[in-house]
Structures are given as structure tokens and as C-alpha cells.
Amino acid sequence: MAEENEFPAMKNDRLLRAARGEEVDVVPVWAMRQAGRYLPEFREERAKCDFFTMCQTPELSCKVTLQPLNRFPLDAAIIFSDILVIPQALGMEVEMRPGEGPVFPSPLRGPEDLTKLASPADVCSKLEYVFDALTLTRKELQGKAPLIGFSGAPWTIMAYMIEGKGSKTMSNAKGWLYKYPEASHQLLKIITDATVNYLVGQAKAGAQILQVFESHAEHLGPDLFRNFALPCLKQICDEVKERVSQLGLKNIPMIVFPKGGHFALKDLAALNYEVIGIDWTVDPILARQIVGPNKTLQGNLDPCALYADKKSIDGAVKEMIQKFGRDRYIANLGHGMYPDMDPEHLAAFVEAVHKYSKK
Ligand code: 1CP
């Protein structure tokens, strides 16, 4: 376990302060997928190396995690990795195919395949490389910004394990929920237990805040969400916080991001996550009414707004901050950046957040 005093003192902790509901000088800002192919220096590294080899090499993961922070005054770094390292650690093969994204050559076909998965108790021994990358990156950051660790949420991970790749309908994975509810709960339990171990490992290694990506919330209506997603999200938050406290570490703030899950905001507000991320389809004023005053909101500019000219980006950010207000707020996009975006337009986004949120 990395000791807190091994790490450089924080020079900028506004993201952590905003997550805890404390006062900030300006609203903190970062962007989902801020380390990625829109940066030429990322593409240069990626051209030399397979995606998962990059994730598995702490020096490379650290290098590309820091790339966006070397360019822009971002208020957080997010460790370069992927949510699909959990299925890999459970014994499944995942390939990153150019132009296609992640593909599982042998996805789960039916409940009988569950016996092939490794024990959730063993995942951490296979994910040491992520922990090493976190410890190294936290040191290299020199306190410039907090380091975000992350995982996928169990339903989102289950969907990839069954579909074998991205899907418009998630009909195979949703088919499991209707055909094999018991086996679905078993699979979700395996993923949930693995994720708790993994996130506790990340906290021990130096992650300062943890985001759980429920990227496929949109495929579940309120009922399926309550039955198959919400209990796992609750267990993850409660168990991670409990185990981090048992280790004598200070409370680690947690973010839940239910992409497309506007219908779940009220239920999520009842859990212990300090921060709820919203995508661009949710009106910030309505989100605040639903979650109440005691949660920090994160979001939610339409990523495609970064295709507009810089002046329009400036105007859109001004409006966004007016709607969210400057308290209990972390500025972000409503989802990840795309590879064809102009890095200078992210610069305009970050600059506008700081400009319009000064006291
Ligand atoms: O700055 C960062 O955010 C970098 C770290 C990061 C994160 C947080 C990557 C690198 N992936 C993720 C999370 C992730 N991975 C999510 C949750 C966020 C989201 O909703 O986008 C998801 C769903 C994945 C799965 C995944 N990995 C996809 C989507 C597949 C689909 O069609 O559903 C893709 C395309 C990837 C590949 C990937 N992951 C990360 C990068 C930079 C890339 C591009 C691949 C490459 O360089 O070849």
C-alpha cells in the first residue's frame, strides 16, 4: 500500500473540494477521454504500441495520462486504462481492433459459461499494473491535480461480456436479464465483488477519487435499473468506503456516471456517492431539483459542442455554469471526447470554465 506521505503535497485540490461540497476558488474542470486519440502526442505513442500493452506498462500509462495536463490547466488527471480490464482479469480475452473498438472473441453464451470465470478474489493480483501506474502517476503529477481512478459499473461490464463488443440494442445482454434473471444476478455479483476489490486496490495505490462508469444505463428502464444496476452500484460505494476506512485511509470521494440514465437520478441520489455525473440530455436545473442540495453534480456539455468555434464554446460554457451554479459542481463534457476533435477547442472549454466561475 502506498503511504499518503510518499506523495507530493497537493497544489490544486479543487476537484476534491468540490466533490466534498467545500468552497472552491473556481469550478474544477476535466474531460472524459481527455487522454486519447484527439491528441497527436497520444497517437504517436499509440502507433508504437498495442492498446492493452499501453495500459499494462505503467510508464506508458503514466506518460499518456499526463499528456493532456501538460497542455491544459485541467483540474484532474484520469488514469489511462479501460473498464474492460475487469473482464480480462476474470479470465476473458479482449482485443482492441483498429476501427472497431474492443472485441471479445469468446463472449459469454449462456449461464453455463459462468463457471469459466476466475474468482473475484483473484482479480487484484492480475491488475497490479494498474496499481503501479496509479502510484507512479500520482508521484509524477507533483500535486498539480488529483488523480482519478475508475471502473465500469457491473451492468455495463456484463453487457460487454455477453455482447462481445459495443451494441446498439444490447439485446443479447438484455435477453439474459429477462431469460436468466438468476444467472444475471450471479454474474453481476461476480463483477461487483471484483470491482470492489479493484477500486479498493486503486485507493491503496494512490487514486484520490473514483469514478464508476455506468455507460449503458440508457438501455435499462427504471425497473430493470432498480433490479439489476442500482443494488450493485450501492454495494460498490458502501463496501469501498467501508474497506478504505478499515485500512485507515481517509474517505475517498466517489462519482457515479449513469450515461443515459436520467430516470435513475433520484435513486442514485439516495446512495453514498458524493458526485453524480450527468450527460447532455439532462437539464442541469432539473437534475439539481431531483438530487437535492447535498450532491455534487458533474457535467454536462454536449461533447459535439467542441466542434463549434471557440467563441461559441465560450458562450455555451457561460450558459452551462449559469445553470449549474458554482457550488457543488465539477465541469465536464456529457460524455467522452472524440478522436477528430481539435485540442485547442478543449483548451477553450477549460479556459471558459475557469473564467466564468471566478468569484
Ligand atoms: O482520458 C481517459 O478517459 C482515458 C482512459 C479511458 C477511460 C476512462 C479509456 C481509454 N477508456 C475509458 C473508459 C471506457 N472504456 C468506457 C467508459 C466511458 C465511456 O462511456 O466512454 C467504456 C464504455 C469503454 C469501452 C471502450 N474502450 C470503448 C467503447 C466501445 C463501444 O463501442 O461500446 C472503446 C472504443 C474503448 C477503447 C479506448 N479506451 C480508451 C481509449 C483511449 C480508447 C481508444 C482505443 C485506441 O486508442 O485504440
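User: In which loop is proline 107 found, and is proline 107 buried or partly exposed?

Analyst: In this predicted model, proline 107 belongs to the loop that lies between β3 (101–103) and α6 (123–126). A residue needs 20 or more other C-beta atoms within 10 Å to count as buried, and because proline 107 has 19 such neighbours inside 10 Å, the class it receives is partly exposed.

User: Which residues does proline 107 touch, not counting residues up to four places away in sequence?

Analyst: One distance along the way is that to glutamate 93, which is 14 residues apart from proline 107 along the chain, with 8.6 Å between the two C-alpha atoms. When residues up to four places away in sequence are not counted, the ones that proline 107 touches are Met161, Ile162, Glu163 and Gly164.

User: What does UniProt list for residues 148–164, and how far apart are the end C-alpha atoms?

Analyst: The UniProt record, an unreviewed entry, lists residues 148–164 under "domain: Uroporphyrinogen decarboxylase (URO-D)". Over these residues the chain is 59% helix and 29% strand, and the distance between the end C-alpha atoms is 27 Å.

User: How many helices and strands does the chain have, and why is the chain described as being as compact as a globular protein of that length?

Analyst: The secondary structure comes to 15 helices and nine strands. For 359 residues the globule rule gives 21 Å, and the chain is as compact as a globular protein of that length because this value is close to its radius of gyration, 19 Å.

User: What share of the contacts with a separation of 6 or more comes from residues 24 or more positions apart?

Analyst: Taken along the principal axes, the box filled by the C-alpha atoms is roughly 60 × 45 × 40 Å, and buried residues make up 48% of the 359 residues in the chain. Among the contacts with a separation of 6 or more, the share that joins residues 24 or more positions apart is 74%.

User: Which members of the largest nonpolar core touch the most other members, and which helix gives the largest share of this core?

Analyst: In soluble globular proteins, nonpolar side chains tend to be buried together. Here the largest nonpolar core holds 116 residues, and the members that touch the most others are Ile86, Met158, Leu210, Val212, Ala229 and Phe349. The largest share of this core is eleven residues, and the helix they come from is α10 (residues 181–205).

User: Is histidine 185 buried or partly exposed, and how far is it from tryptophan 155?

Analyst: Histidine 185 is found in helix α10, and because it has 16 C-beta neighbours inside 10 Å, histidine 185 counts as partly exposed. Tryptophan 155 is 30 residues apart from histidine 185 along the chain, and the separation of their C-alpha atoms is 9.9 Å.

User: Where is leucine 15 found, and which residues does leucine 15 touch, not counting residues up to four places away in sequence?

Analyst: Leucine 15 has its place in helix α1 (residues 14–20), and it counts as buried because 29 C-beta neighbours lie inside 10 Å. Not counting residues up to four places away in sequence, leucine 15 touches Pro28, Asp75, Ala76, Ala145, Pro146, Ile209 and Ile330.

User: Is isoleucine 276 buried or exposed, and how far is it from leucine 39?

Analyst: Isoleucine 276 lies in strand β7 (residues 275–277), and since 24 other C-beta atoms are within 10 Å of its own, isoleucine 276 is buried. Leucine 39 is 237 residues apart from isoleucine 276 along the chain, and their C-alpha atoms are separated by 27 Å.

User: Which residue has a positive phi of about 55° although it is not a glycine?

Analyst: The residue in question is found in the loop between α8 (154–163) and α9 (171–179), and it counts as buried because it has 22 C-beta neighbours inside 10 Å. The residue with this positive phi of about 55° is methionine 170.

User: How many residues surround the ligand?

Analyst: The residues of the shell divide into eleven nonpolar, seven polar and five charged. The closest to the ligand are Ala35, Gly101, Gly166, Phe213 and Ser215, and the number of residues that surround the ligand is 23.

Methods
Residues are numbered from 1 along each chain as its sequence is written. This is a predicted model: local features need pLDDT of at least 70, side-chain atom pairs count only at pLDDT 80 or more; totals for chains, interfaces and linings use all residues. A residue is near a molecule or strand if its C-beta atom, placed from the backbone, lies within 6 Å of it. Ala, Val, Leu, Ile, Met, Phe, Trp, Tyr, Cys and Pro count as nonpolar, Asp, Glu, Lys and Arg as charged, and the others, Gly among them, as polar. Helices (H or I, at least four residues) and strands (E, at least two) are DSSP runs, numbered from the N terminus. The radius of gyration is taken over C-alpha atoms; the globule rule is 2.2 Å times the number of residues to the power 0.38. A residue is buried if 20 or more other C-beta atoms lie within 10 Å of its own, exposed if 12 or fewer, and partly exposed in between; C-beta atoms are placed from the backbone. Two residues are in contact if their C-beta atoms, placed from the backbone, lie within 7 Å. A nonpolar core is a set of buried Ala, Val, Leu, Ile, Met, Phe, Trp, Tyr and Cys residues joined through C-beta atoms within 7 Å. UniProt positions are given in the numbering used here, feature names are shortened, and annotations may be inferred rather than shown by experiment.
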